[in-house]
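Please look at the sequence and the structure below before reading on.

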Amino acid sequence: RTIYDNIKKTVKFLLSTNIGEILTVMFGIILGRAAPITAIELLWINLVTDSFPAIALGFEKPESDIMDRPPINPKQGIFSRGMWAEITIEGLMIGALTLFAHAIGLVITQDETTARTMAFFVLAMSQLTHAFNMRSSKSVIKEGLFKNKYLLVSYLVGVILQLSLIYIPTVAHLFNICALNIGYILISFILSLMPLFVVELQKFINSRLLRK
């Protein structure tokens, strides 16, 4: 059951984050803007931001109620019980946050490079944050946000690598991004934490509906 659970969590995480990337590029083009994320930035996110948390989710410990659940129906697919809807909504959320960061950057600075750097940072970091949502179908804050030490390490490594990209000039030049001042990086950090609060609210609403 734990293996099956962890496979579902990993698949859900990878699909929702990749949908977020696709929607970011697609809506950026539809809105008539330059692509908020470049090809090399997407490659970086897929290799680093996606892969480390996905591996860490594979080490997730059994949930407390795992043996109280009814047996898994062998005819039931992995995407049953509204999983596709959740994946799509979470992907839309990540894409919207990224586009919002890009829009804020453009409005405040009128500089495309700064706006794209903020979008890149928010897309990468929101995915790292979203990985914590995948730990349980219940509130991860109540369950213990940092119980999976592998996931915590993957988050910290991701933060360090992402900040290194921005603040090491030679690397930033390679990615065609720029250093962000304290105000812009703070805005980006706050936006990247939003998936945790949005999904926690969704879980709270779902639990109330199930009680009824």
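The model is predicted, so local features need pLDDT of at least 70 and side-chain atom pairs count only at pLDDT 80 or more, while totals for chains, interfaces and linings use all residues. Residues are numbered from 1 along each chain as its sequence is written, and side-chain values use heavy atoms, with hydrogens and water left out.

**Helix packing**

Two packed helices are described by the angle between their axes and the distance between the axes. Helices here are DSSP runs (H or I, at least four residues), numbered from the N terminus. Axes are lines fitted to C-alpha atoms over the stretch in contact, and angles run from 0 to 180 degrees between N-to-C directions.

| Helix pair | Angle between axes | Distance between axes |
|---|---|---|
| Helix 2 and helix 5 | about 20° | 11 Å |
| Helix 2 and helix 7 | roughly 155° | within 11 Å |
| Helix 1 and helix 5 | about 160° | 10 Å |

Helix 2 covers residues 39-49 and helix 5 covers residues 112-133, and their axes make an angle of about 20°. That angle makes helix 2 roughly parallel to helix 5, a word used for angles under 35 degrees, whereas roughly antiparallel is used for those over 145. Helix 2 passes helix 5 in a right-handed crossing, which is one where the near helix is turned clockwise from the far one by less than a right angle. The contact (heavy atoms within 4.5 Å) involves Glu-41, Leu-42, Trp-44, Ile-45 and Thr-49 on the side of helix 2, and Arg-116, Phe-120, Leu-123, Ala-124, Gln-127 and Leu-128 on the side of helix 5. By class, seven of these residues are nonpolar, two polar and two charged; Ala, Val, Leu, Ile, Met, Phe, Trp, Tyr, Cys and Pro count as nonpolar, Asp, Glu, Lys and Arg as charged, and the others, Gly among them, as polar.

Helix 7 spans residues 149-167, and its axis crosses that of helix 2 at roughly 155°, which makes helix 2 roughly antiparallel to helix 7. Trp-44, Val-48 and Thr-49 of helix 2 touch Leu-161, Gln-162 and Leu-165 of helix 7, and this contact holds four nonpolar, two polar and no charged residues.

Helix 1 and helix 5 are roughly antiparallel to each other, and their crossing is right-handed. Here Phe-13, Ser-16, Thr-17, Glu-21 and Thr-24 in helix 1 meet Leu-123, Gln-127, His-130 and Ala-131 in helix 5, a contact with three nonpolar, five polar and one charged residue.

**Pockets**

A pocket is found on a 1 Å grid over the protein atoms alone, as an open set of points where a 1.4 Å probe fits, with protein on both sides within 12 Å along at least five of seven lines, and lining residues have an atom within 4 Å of a point.

The largest pocket is lined by 40 residues, and the closest to its centre are Arg-69, Arg-81, Ser-136, Ser-137 and Lys-138. Helix 9 gives the largest share of this lining, ten residues, and the lining as a whole has ten nonpolar, eleven polar and 19 charged residues.

The second largest pocket is lined by 13 residues, of which Glu-60, Lys-61, Pro-62, Arg-135 and Lys-147 are the closest to its centre. Its lining divides into three nonpolar, three polar and seven charged residues.

Methods:
Helices (H or I, at least four residues) and strands (E, at least two) are DSSP runs, numbered from the N terminus. Angles under 35 degrees count as roughly parallel, over 145 as roughly antiparallel, 65 to 115 as roughly perpendicular and the rest as oblique.
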